Amino acid sequence: MRRQIVARLLQSLIVVVIVTTISFFVIRAAPGDPFAYDSPMVTPAVRAHWRSQFGYDRPLIEQYGRYVVSVAHGQLGYSFEMHEPVSAALAVALPRTLLLTGLALTLAFLGGMAIGAAQAARRGSWFDRVSSFVLLVFYSLPDFWGALMILLLFAYWIPILPAGNIVDQVTHDYMSGPQAAWDRARHLVLPVMSLALLTMASIARYQRAAMLEILPADYIRTARAKGVSERRILWHHALRTALTPLVTLAGLFIPALLGGALFVEKVFSWPGMGLIAANAIAGRDYDLVTATVIVGSLLVVIGNLFADLAQMALDPRTRE
Amino acid sequence: MRASPLLLIVLATTLSACEGSRTAASTGATGGTLVVAAIGEASDLLPPLVADINGAAIQSMVFDRLADIGQNLGTVGDAGFTPRLASSWTWAADSLSIAFHIDPKARWHDGQPVTASDVRFSVRAYLDPKVGSPTAPNLGNIDSVGVRDSLTAVVYFKKHTPEEFYDIAYQLFVMPEHVYGKVPFDQLRTSDVSRKLVGSGPFRFVRWDPKVRIELVADTANYHGRPKLDRVILTPIADANAGAALMLSGQADFMLSFPIDQVAKLDSSRVARAVAAPSFSYGFFGFNRFAPKSNSAPHPIFNDLRVRRALAMAINRTAMAGNVFGKFAQVSHGPFPMTLGVADSTLRMPPYDTAAAKAMLDSSGWKAGADGIRAKNGKPLRFSLMYPSTSLPRKQYAVLLQEALRRVGAQVDLDQVDAQTFQARALDSHDYDALLNAFNADPSVTGSKQSWGTSAIGPGGQNSLRYSNVKVDALLDTAAGSFDPAKAKASAAKAYQQIIDDVPAVFLYDLPLVDAVNRRLTLGPLRADGWFANIADWSIPPDKRIDRDRIGLGPAKP
């Protein structure tokens with residue numbers, strides 16, 4: 001098993017290097033650069049001076065070499081969008097995204113598993129049919145569109161929740177403790193709900209299918225024959241077995257959640273990794289774009305690794 | 001007992017929020033929090049590096065100039081200027097130097113006195129090539145700065161010009177040497193101190209959370225008296241529509257350039273109102289003199305003056321301005337905004353005459369084909385029109401121009417690009433046929449040289465159309481060198497008329513700025529060179545204050 005883990009880690013490292021290299025060259029292939037913003041105050045000569053100052057006038061391969069050396073020394077560069085070292089910008093943004101995706105993943109799994117199990121237990125009932133239809137709707141929604149609809153509904157048509165940002169930008173820092181906590185919680189609701197609902201739909205569908213596969217199994221029939229209650233069979237015997245593929249799924253959901261977070265953060269102005277990545281791309285903030293790709297790909301390979309390890313731990317057949 | 005992750009997160013969130021406490025409320029004539037919805041983000045805040053309107057706003061509130069320009073924005077001599085950091089000044093007999101006497105009451109926000117050596121340091125910072133200040137070209141006539149005593153800075157000029165006082169007094173914001181002098185100039189942009197401003201202006205810097213807010217608080221001990229507002233917060237917004245939503249919901253108090261197609265909502269709003277503001281911006285439909293990406297091959301269509309003139313005559317500028325800007329429309333009078341001191345509304349513009357336009361195209365060899373599109377030597381009269389997706393007026397103008405030019409047999413392909421691409425293609429690679437651009441003029445006539453002078457072609461200037469006419473260069477030089485405002489205006493008018501006659505562009509509109517203002521806010525006079533010019537006089541009456549106005553002056557939670 002140790003050899004498998006080392007092999008997976010090496011594969012993951014190669015994936016991160018390849019993805020980083022591609023993003024490094026792709027963002028530089030786009031027109032503009034960090035200093036090409038639309039400002040009549042800046043002459044081309046001044047722009048050229050700034051480009052030279054930061055080495056953007058050097059051949060691409062030389063820039064890449066410098067970047068690799070810099071990253072190897074733990075320096076991710078400077079962000080012109082965030083006006084601070086890239087590592088400092090990530091240190092602020094990453095926890096915000098992890099909070100958002102962590103909460104969304106937790107809610108999505110708890111809700112998805114409960115709904116999926118309940119659907120399987122009442123297969124063919126009106127609850128199963130209606131909830132399947134609703135889940136299918138959420139499952140089919142593009143992330144950004146779903147987030148926009150939720151924003152419109154709860155922030156504009158029925159304005160009961162704030163439209164965006166992590167806290168009230170003006171008054172939060174001057175609120176009392178309970179007020180500030182309430183303010184923070186209110187700002188979490190819509191982005192977490194958007195991300196959780198969209199993920200929950202697919203988890204529930206997986207859970208329902210897994211449960212339907214397990215419920216006719218011999219050991220379930222044996223349990224029934226022994227007089228074990230239906231509730232205990234469902235929640236103890238069947239659900240525990242059906243959780244195995246879902247645990248694996250949790251790791252695989254991380255890339256999807258990160259992708260979804262990009263749209264959700266943009267829609268709700270949530271200043272996490274997704275939003276700073278989108279802004280960095282628009283502003284051609286080369287170092288920040290590349291760093292967010294590095295962090296994103298690291299999270300994805302860690303998620304995949306976690307999925308593999310969980311699979312190995314839960315299913316002895318996969319250890320060979 | 002095991003706590004669930006959800007419970008831990010909620011607990012952590014709650015605890016992290018339980019650190020703040022409300023500060024004392026402001027009452028009386030002063031007080032209130034101004035929230036400004038600012039499109040985009042400031043590129044930099046430190047004066048030598050400021051390159052956009054948001055950075056300029058913060059610079060103007062936190063730092064001081066040596067003298068304030070008058071409301072009429074006169075740039076000749078020191079007429080109209082009033083004391084700011086310098087309580088007075090003395091001209092040398094040969095006018096090649098000016099001694100500025102620093103107000104002895106002036107203090108930096110950290111409590112240190114402002115000295116003459118701060119002025120010398122600031123000029124050095126602006127002019128040092130390692131900083132690469134966009135303002136440096138405007139200070140090119142400054143030879144050196146001497147320190148006569150701790151409160152007297154003597155500025156020496158290379159030559160006596162009508163605008164030498166304006167150059168030093170208006171273009172330069174004075175910075176504290178004891179704060180910024182510690183940083184090597186080539187590291188100023190990325191240094192932490194450039195994010196923590198220390199100035200002497202009416203507002204103190206509180207914090208800058210990029211993409212979230214820039215916050216300032218009143219300097220209550222300011223040597224010119226405290227501003228009426230307690231606090232100013234600039235909130236960056238992604239686009240004009242997001243700003244409009246903030247204004248109409250009362251979450252923001254001021255927005256520069258409210259989307260013109262939504263102004264009617266302000267008229268019916270009980271929260272915000274529309275205020276027409278003067279502007280230095282003017283928009284035009286420009287022709288590339290050379291073939292795209294080329295610096296020498298003439299453009300196959302626009303190299304012919306008759307074609308440019310014919311296209312200009314096919315455009316009903318008045319109707320288009322009305323269509324785009326409604327009741328706020330201001331049709332352009334030439335390559336300048338009417339707010340400029342040397343502006344002239346009597347210049348001859350190409351008349352709107354589609355019959356004459358068609359005849360001129362016929363005579364220049366562009367004959368109409370069966371599909372209505374003209375062609376010459378087998379090549380159709382077809383070109384692309386580049387414009388930035390970030391400008392709503394220009395997006396609307398692009399569609400109107402496409403239709404207007406189709407009527408005289410020209411096929412226009414719309415080429416909408418993002419702001420970065422627009423800038424790169426317009427100024428660097430010159431990869432376009434025609435473009436919709438807008439210039440933000442300088443109060444001085446020398447700004448016209450930077451836009452239309454031959455010397456402004458290439459890396460040194462903004463002449464993106466690469467227009468060149470030695471007669472125009474000479475006339476603009478004469479205007480800029482004249483000490484008599486009437487003569488300066490006459491020379492500038494001749495230069496502008498020549499530019500209009502050469503048709504490097506069709507001058508479409510003076511940008512009518514419509515600002516959105518919360519109804520509880522009382523403004524000072526608005527100036528064309530920046531909405532923030534008189535912000536120290538803005539106020540919110542006590543009876544109109546809302547929750548955020550009661551934040552007061554206290555420090556924020558760390």
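Let's start where the two chains meet: 61 residues of chain B are in contact (heavy atoms within 4.5 Å) with 49 residues of chain A. This is a predicted model, in which local features need pLDDT of at least 70, side-chain atom pairs count only at pLDDT 80 or more, and totals for chains, interfaces and linings use all residues. Residues are numbered from 1 along each chain as its sequence is written, chains are lettered from A in the order in which they are written, and side-chain values use heavy atoms, with hydrogens and water left out.

The area buried between the chains, meaning the accessible area (1.4 Å probe) that both lose on being put together, summed over both, is about 4700 Å², and carbon and sulfur atoms give 58% of it. On the side of chain B, Arg189(B), Lys211(B) and Gln420(B) lose the most area to chain A, together 14% of what that side buries.

Six salt bridges (a side-chain nitrogen of Lys or Arg within 4 Å of a carboxyl oxygen of Asp or Glu) cross this interface. Asp418(B), for instance, forms a salt bridge with Arg284(A), with 3.4 Å between the closest N and O atoms. The largest share of the chain B side, seven residues, comes from helix 12 of chain B, a DSSP run of H or I with at least four residues.

Now turn to a sheet within chain B, where five strands (DSSP runs of E, at least two residues) form an open, mixed sheet in the order 18-17-19-13-20.

Methods: Buried area is the accessible area (1.4 Å probe) that two parts lose on being put together, summed over both. Two strands pair if DSSP finds at least two bridges between them.
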